[in-house]
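Thanks for making time this morning.

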Amino acid sequence: LVLKGLKEAGVEARVVERKAGQAPTKSLFNVILLPFSEMPTSLQSSILSNEDRSLLTKKNSAGQEYVLVTRPNDKAAYLVGQTGQGVVYAAASLIQLMTSGTGQVRIPAIHIRDFPDFKYRMAADWLSNVEINRWVYDWGDGVEGYAARIKRKLDLCARYKINMVLAHGFGWGTEFFPGFAAMMQDLNGY
């Protein structure tokens with residue numbers, strides 16, 4: 001999600017996996033994504049406040065909680081979620097905050113502590129559009145073209161933290177067309 005957002009802003013980026021506790025690269029802007037349970041204790045105390053740590057260790061939560069801290073002077077953004085889903089939501093917020101212009105991407109210095117009011121946020125128009133318009137996204141370019149369009153739509157949903165999409169309902173069989181069941185399995189895993 002972050003790589004795609006940077007690419008759309010015209011920034012060349014790459015993924016470098018770091019081991020826990022390994023220092024970030026000083027010459028590059030580093031985006032550190034990790035669940036709180038994998039965050040080294042030294043980072044927990046230097047990056048997160050007591051309120052942040054309390055939120056990220058809260059029992060009986062939705063697991064979607066996150067803290068996003070950017071430190072442009074240190075060339076770093078820390079995206080810490082209670083779970084992996086929280087990390088994804090932190091990434092979505094970072095992308096929403098990025099601005100680009102004159103060949104540069106700007107990321108503000110921020111500290112966000114966020115948690116959902118609702119466990120499920122659904123793209124409500126999908127089912128009615130698909131059902132009423134009967135496969136409106138099928139533009140005659142086959143299963144691959146259709147699946148690519150739906151994946152772009154799912155990426156858009158992720159950017160807005162929509163975590164439930166219902167795109168198949170009322171009585172379609174598993175073989176609505178040849179390859180339908182396999183395509184839906186692939187989309188469900190996406």
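Predicted model: local features only at pLDDT ≥ 70, side-chain atom pairs only at ≥ 80, totals over all residues.

The chain has 7 helices and 8 strands, and it exposes about 11,500 Å², of which carbon and sulfur atoms supply 54%. If we take the contacts between residues at least 6 apart in sequence, 65% of them join residues at least 24 apart.

Let me turn to the sheet. In what order do the 4 strands of the open sheet lie? The order is E1-E3-E2-E6, and the pairing is mixed. Strand E1, residues 30–35, and strand E6, residues 111–114, stand at the edges with a single partner strand each, so one side of each is left without a neighbour in the sheet. From one strand to the next, the twist averages 10°.

Going through the pairs, E1 and E3 run in the parallel sense and are joined over 6 bridges, with Pro 35 standing opposite Gly 81 in E3. E3 also pairs with E2, in this case in the antiparallel sense and again over 6 bridges, and these two strands form a hairpin with 4 residues between them, where Lys 75 in the turn has a positive phi of about 55°. On the E6 side, 4 bridges join E2 to E6, which run antiparallel, and there Val 67 stands opposite Arg 113.

Thr 70, which has its place in E2, is buried with a relative accessible area of 4%. What does Thr 70 touch, not counting residues up to four places away in sequence? The answer is Ala 76, Ala 77, Leu 94, Ile 107, Pro 108, Ala 109 and Ile 110, and of these Ala 77, in E3, is the residue that Thr 70 stands opposite.

Leaving out residues up to four places away, Ile 32 touches Ala 76, Ala 77, Tyr 78 and Leu 79.

Now to the helices. H4 lies across E1, E2, E3 and E6, running at about 40° to E2. This helix has 14 residues and reaches 20 Å from its first C-alpha to its last, close to the 20 Å expected at 1.5 Å a residue. Its buried residues are Gly 86, Val 87, Tyr 89, Ala 90, Ala 91, Ala 92, Ser 93, Leu 94 and Ile 95, and they pack against H1, E1, E2, E3 and H6.

H6, residues 142–159, has 18 residues and spans 26 Å from first to last C-alpha, close to the 26 Å expected. Among its buried residues are Tyr 146, Ile 150 and Leu 154, but also Arg 149, Asp 155 and Arg 159. Just after H6, Lys 161 takes a positive phi of about 60°.

That brings me to the interior. In soluble globular proteins, nonpolar side chains tend to be buried together. Here the largest nonpolar core has 14 residues, and those with the most contacts inside it are Tyr 66, Leu 68, Leu 79, Leu 94 and Met 98. Helix H1, strand E2, strand E3 and helix H4 each supply at least two residues of this core, with the largest share, 5 residues, coming from H4. Apart from this core lies another, of 12 residues, among them Phe 36, Met 39, Leu 48 and Leu 56.

I will finish with Tyr 66. Setting aside its neighbours within four places in sequence, its contacts include Leu 55, Leu 56, Val 80, Tyr 89, Ile 112 and Lys 161.

Definitions and conventions
Residues numbered from 1 in each chain as written. Heavy atoms only, no water. Contact = heavy atoms within 4.5 Å. Areas by Shrake-Rupley, 256 points an atom, 1.4 Å probe, with all protein chains shown as cover. Core = buried A, V, L, I, M, F, W, Y, C linked by side-chain atoms within 4.5 Å. Buried < 20%, exposed > 50% of the residue type's maximum accessible area, 1.4 Å probe, protein only. Pairing = 2+ DSSP bridges. Axes fitted to C-alpha atoms, helices over the stretch in contact; angles between N-to-C directions. Expected span 1.5 Å × (residues − 1).
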